[in-house]
Amino acid sequence: MGHHILGLALLLLAGYCQGYFNTGNLATVLPFQSMMAYTQRNDSLVVFGGENETSSYSNDLFQLTQTSTGYTWTALPQNNTPPPVSFARAVYIDGNDAMLLMGGMSEATNNVSGPLQMYLHDFGTHQWQPWAGNNATNASLVPANRKEFSVSLDQRGFVYMYGGSLNQTWVYNDLWALDLSTLAFTQLPSSDVARYGHTTSLLSNGQLVVIGGVIITSTGAGGLAPMDQLYVFDTRSSTWFVQNATGGPTSTRSAHNAVVDSNDRIIIFGGNNGGDERTRRFLNSFAILDTASWTWTVPAVQGIPPSRRSYAAAAILDGSHMTVAFGGSLNVLYNDVNVLSLEDGSWLQTFERQEVEESSGLSAGVIAGITIAAVVLLIIILFLLWRFKSYVRWLVTRLHGDIWRPRTGEPVWAETARMVCKVFLLFLFVACLVFIIRQAITSPHVIQRIEEPVAEVAVPDVRFCFEGYPTFPDPSDPRNPGVVCQTDIGFSCSSFVTPLNMSVFTPVYTSSLGQVTCFLFRAPEDFTMTSTSGANNGSHLLFYPFGDQTAYGRVHVSLYPKAMNPNVKLYGISDDIPVLMSDQDVLNWMNGERNDIQVQNVYSLAPSTYSSLSYELVDHRYLQDSSWNYFGFAPITNSTPEIETNFRQEAPNPEYTSTHSDLGMLAIYPEKYVVATDREVKMYTLLNALGFVGGIFGLIIAFQTWLFGYRPRSPWGVVQRWSVGDMKRSLYKGLSTTFRTTDKTGIPFIGPVHRRFSTINLTDPSLLGETEAQRISHVEERMQILELLFKAYYVDDEVFRSLDNANRPENGIVATNDGGPLFVADEKGSSTSRRKHNQEDVTHVFHHRQSSTSSDGDETPSSRQPLRD
C-alpha cells in the first residue's frame, strides 16, 4: 500500500497553473493541492491538508481572503498539528472563532476501520486540540471514520454528517448530528441508499438537500445519483423524502462542490463521473437549483471557465461571487482561483466590472434612433444639393465629359460597350486590390535567419540543479553538491559559478528524488569562446558536477541567454548585465518551474556520464503589433535574445566512480561562430504587393486597348484638370498669353482650319474676299501654335535643339556642296546657301514671340533666346 501511495504522489506532482482570475503574485505561492478540508471563515476560505505536490497527505493550514480587488494568501500558524490527512471535512464555529476538523484518511487510518477522527483548532491561540473520542472503543456511540462524506452546520449549533466511505466497497448511508456545545453525536434515521462523493446543502427552512455522488442501493447496484430525484432530510421532523426536480438537463456527478446563496439557491460546480482512473471524466460546468420551484438551470458559459476538476474548494465569500480554488483531475493538481459572478453567471478575471454588450441584436430604441438619424442625414444631403446646385451641375458635367468620350463618327453602342467593359474591369481591379490588402493584413509571419561569421561567441548562463543529492553540515565536505568549471585550454571559470538561495524559490521536478540544490554559471560579457588558438579563453566549457556518489539523483541543466535569465531577477543577482524580462515573465517562468513543464533548453544529466551540448545564441526580432508593419518598410520589431541547443549524452559508465570523484562531465561549446539574427517578417506586405497591383492594372489597360483601341492620354493630370478658382484662371491665363491666336486662325483640333469649313459659316460673304496670302498666313500661324503646343506638352524637343545647334556656323560645322537627300545641289547655287535661305523664310514665324516653354536643358545660351522677326 505504501508503494502505491508513493507512486500516486509522484504522479500528482505534475500540476498545472490554470488560474483565469488574475491573482497577481499569488500564482507563485499558492500550493497545488486537492482533496483538502475547507470551510468559510467570514470573507476567507480556510483550507487544511489534502494532497499536494509532494505527498498524498499534508497538514498545512492556509487562509485565502477575498478583498475588493482580489485575494490574499496567508499561511496560518498552528501548534500541536494533527497528522497529515486527505478527504477530511471542516466546519467553522463562528462564536468561538474555531474550526472543527472531521474524518478523512491519513497514513495510519487509510482503509482502516475506527472511530471518527476530530480535531478542534483555535484561531486565537493557534492550538489544535484532539477530540477525546478519537480513541473510543464503543463504535455505537460515535460514527466510523470515513472519507468523501458531507457535513453541514445549522444555526442551532448542530453539524449534520452523512454518508461517505472507507473505500469503494465499504460505503455508508448513516446520518449523524453533532452537538457542538457537548461534542456528542446523535444518530438520525439513515437513508435507503449508501453514497459517497456527494454534497449536502442546508436550506433556511431546515431541509438538508443531498446532491450527486455515487450511490449503492440495498440490492448492491451502484452508479451516479440522478439529478432529478433528490434525497432531502427535514431536520425539524427528522424524516427523509425524495424530491423531484425538473429543468436541466444537469450532468450527474461526484466529488463536486455545492454552495447555497441568500435565496436558497444551490449552485454546484465541477466533479467527475465516479469511475476508476482509466474511465474517469471531469466537469467544469455549473448548474443552479432553485429550491422554491425545484428547478434546475444550466446557464450558458460566459467568460473563461476553470479547468475541469473535482475535490476543489468553493464558497460564497462576499454574497455575490462564488470562489472556486484548487482541486485536481487525475494526475494534475491546480493552484488557481476562479470567480463566478452570481449576478450574471459569468466567470470573471477581475472584480472590476467591464461593460460588455453580449447581445448581437439591436433594441427597438436603437433601431428608431438609427432611422431618425438616417432621415435627418438625407434631408441635410438634399439641402446641400439644392444650396450648391451650380457646383453639383458643374461636377456632373465634368464627370460626364471625362467618362463619356465617344470618338467622332463612332456609333453610340461602341462607346457604351467600352464603358460597360471599363466598369467591369474596374470592378475586377478593385476586387484584386481588396484581396491584396486583405492578404497583407492577414499575412503569416516567416522567420529569416541571418548569420554573420565572427571570431568570438558569447557564452550563455547555465543553471545546475542537483536533485536527490543531500547537503551536509560541514561546508567543506566533498559530498556537498557543487560545480567546477574550466575551459578546454585549462582556464578556470569556477569563479563564475554562484550558489542559489533555495529559500527564495525551489524548482520542482516530477521525479521527486529528494532535496534540490541549484547553482548558476554567469560569466561577464567579455568572457567569450574562440575558434582559433592563441591567447584566448578556449572553445569549450567543461563542467564537472560534484556530489555524494552513493546517492541516487539527477543534475538538471538549464541554459539561458544572459539578457533573458529569470534567475538573475528572482535571486537578486547584481551585475552590469541587464535582464530584459518583466516581472510577469518571471512569474510565468516560476509557474512553469513549479509545474515542471519547461521543455526548451532543459536537460537531465545521469550520474557517471559524459555529455556534450552545443548552443547558438540568436537575436530574435519579433514584429510588434503595429499598423506600420503592414507596409513592409522599416518594420517595427522588438529584439529578444534566445538560445538554441542540441544535447547528447553517453550511457553511464559503471567504472566512472572508481577513477573520478565527480558525478560526470558536461562539455558546452558554440554550434557555429556566427552572430545569428532571426528576423520576423510578414510574407505579404503592401509594399511588395505594389508590383502585383501594377501588373494587374497594366493587363487591364492592355486588354481594354486590345478591345476598343488606343486612346491617347491628356498631358494634364488631376491637379490641372480638377483645379478651381484662381488656380483654374491662372492656367487659362497662361495658355491664352503664351498661345494667343487671332479669331480667324482658330485653335487646332478645336476650330476648323478656316471658317469656311464650318457648317455655320458656309454662306458668310466676308470669307469670300480673303486673299491667298491671308489664308497662308492663317495656316502658318495655326501650324506655329500647333508646333508650340506639341513642344510644350507632347514632344521632347532636345533632338531638334541639338540639330539647330549643329547647323550653326559658330559650332565649326564645315559646309559642303552636297545638299543631302533633301536638298540636291545644282549649278545655280549650293545647297548650303539654299538651306540658309529656306531657314530664314521658314523660321521667321518661330521668332515673332518669346517662347516660354523652352527647356532648361538647352545646350547654349543662344538656344534659350526669344526668336526674332
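Met35 counts as buried at 16% relative accessibility (buried means under 20% relative accessible area, exposed over 50%, partly exposed in between, with a 1.4 Å probe and protein chains only). Met35 turns up in the loop between helix 1 (2-11) and strand 1 (37-41); helices (H or I, at least four residues) and strands (E, at least two) are DSSP runs, numbered from the N terminus. Met35 isn't a glycine, yet has a positive phi of about 60°. Most residues other than glycine have a negative phi, and most peptide bonds are trans. Phe87 also has a positive phi, about 65°, and sits in the loop between strand 5 (85-86) and strand 6 (89-93). Phe87 is buried at 11% relative accessibility. As for peptide bonds, the one joining Gly248 and Pro249 is cis, with omega about 0°.

This is a predicted model, where local features need pLDDT of at least 70 and side-chain atom pairs count only at pLDDT 80 or more, while totals for chains, interfaces and linings use all residues. Residues are numbered from 1 along each chain as its sequence is written, and side-chain values use heavy atoms, leaving out hydrogens and water.

On to the rings: there are 32 aromatic pairs (Phe, Tyr or six-membered Trp rings with centres within 6.5 Å; planes under 30 degrees apart are stacked, over 60 edge-to-face, the rest tilted). One of them, Phe286 with Trp347, is edge-to-face, at 6.0 Å centre to centre and 90° between the planes. Phe286 belongs to strand 25 (residues 286-290) and Trp347 to strand 32 (residues 347-348), so this pair ties together parts 61 residues apart in sequence.
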